Structures are given as C-alpha cells and as structure tokens.
Amino acid sequence: MTNGIARKLGYWCEVLGLDGHRVEVEVISPNQVTDEKGETGAHLVGGRRITEDSIVIFTTRRLREDDVVHELLHVRFPEMSEGEVRSETRSLRIARDLNFIGGFAKER
Ligand SMILES: [Zn+2]
C-alpha cells in the first residue's frame, strides 16, 4: 500500500465514521476474478468488513480515491444501493474539494 492511499484511507475512514478501523488493501490478479460469463480476467474492486473493526478492500488495479470512498461507503452503509453509493461518492468528493478550496482561500 502506498503512503498516498494509506493517508486517503485514514482520511475517509474518519469522515465516514469508521475511525479506529484497520483497512487493508489486498491486490488480486484478474486471473482470480471471473465475469458474469464465468471467464477470468475481469477487473474488480470490492470492500468487505472482516471483523467488527477491520476492513479489506480487494482490487485488481491501482486504487483511486473514488474507489476508497465508494468501498468504504458500502461497508459503512450496507443498506445503500449501488446507485446511492455512486451519487454519495460524487457528493463527498465535491464537498471535500470545496472545503479544500475554501481553506486555501482563507489562508491568503
Ligand atoms: Zn459499488
């Protein structure tokens, strides 16, 4: 796990009320993933709560910040639909960017 991703995981765990959770990223090969036709080589990113306070994110590719937000949302709010998670991911990213710009403007 790169430092960048570790930092993002820490940040988003806190924002989403998952602080205190240990999150591990497990890189898997596309050869271990089958698509709906049963053929291997598909890409996958998926998060799973392993114990009360630990989470694993499986991925076949380099994680982006959106993936982190998306998968942590699934873990935190298992009742949310895929569509809700997607739109919530977008809003959270926009809100974060606005905060950042706001903070930056205040400093000058
Ligand atoms: Zn999803």
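Biologist: Which residues does Val-45 touch, not counting residues up to four places away in sequence?

Modeller: Val-45 touches Ile-57, Thr-59, Asp-67 and Glu-71. Contact here requires C-beta atoms, placed from the backbone, within 7 Å of each other. This is a predicted model, in which local features need pLDDT of at least 70 and side-chain atom pairs count only at pLDDT 80 or more, while totals for chains, interfaces and linings use all residues. Residues are numbered from 1 along each chain as its sequence is written.

Biologist: Where does Val-45 sit?

Modeller: In strand β2, residues 45-51. Strands (E, at least two residues) and helices (H or I, at least four) are DSSP runs, numbered from the N terminus.

Biologist: Is Val-45 buried, exposed or partly exposed, and why?

Modeller: Val-45 is partly exposed because 18 other C-beta atoms lie within 10 Å. Buried takes 20 or more other C-beta atoms within 10 Å of the residue's own, exposed takes 12 or fewer, and partly exposed is in between, with C-beta atoms placed from the backbone.

Biologist: And what separates the C-alpha atoms of Val-45 and Ile-57?

Modeller: 7.0 Å, with the two residues twelve apart along the chain.

Biologist: How do β2 and β3 run relative to each other, parallel or antiparallel?

Modeller: Antiparallel, with six bridges joining β2 to β3. Strands count as paired if DSSP finds at least two bridges between them. The two strands form a hairpin with two residues between them, and Gly-47 stands opposite Ile-57 in β3.

Biologist: What is the strand order in the sheet?

Modeller: β1-β3-β2, in an open sheet of three strands with mixed pairing. β1 and β2 are the edge strands, each with a single partner, so one side of each has no neighbour in the sheet. From one strand to the next, the twist averages 20°.

Biologist: Now the helices. Which strands does α2 lie across?

Modeller: β2 and β3, and α2 runs at about 45° to β2. Those axes are lines fitted to C-alpha atoms, for helices over the stretch in contact, and angles run from 0 to 180 degrees between N-to-C directions.

Biologist: Which residues of α2 are buried?

Modeller: Asp-67, Val-68, Val-69, His-70, Glu-71, Leu-72, Leu-73 and Val-75. Val-75 also touches Gly-47, Arg-49 and Ile-55, leaving aside residues up to four places away in sequence.

Biologist: What makes up the largest nonpolar core?

Modeller: Twelve residues, including Leu-9, Trp-12, Val-25, Ile-57 and Val-75. Such a core is a set of buried Ala, Val, Leu, Ile, Met, Phe, Trp, Tyr and Cys residues joined through C-beta atoms within 7 Å. Two or more of the core residues come from each of α1 (3-15), β1 (22-27), β3 (54-59) and α2 (65-76). The largest share, five residues, is from α2.

Biologist: Changing topic, in what order do the elements of the chain run?

Modeller: α-β-β-β-α-α from the N terminus on, with three helices and three strands.

Biologist: And how much of the chain counts as buried?

Modeller: 17% of its 108 residues. The C-alpha trace spans about 55 × 30 × 25 Å along its principal axes.

Conventions
Two residues are in contact if their C-beta atoms, placed from the backbone, lie within 7 Å.
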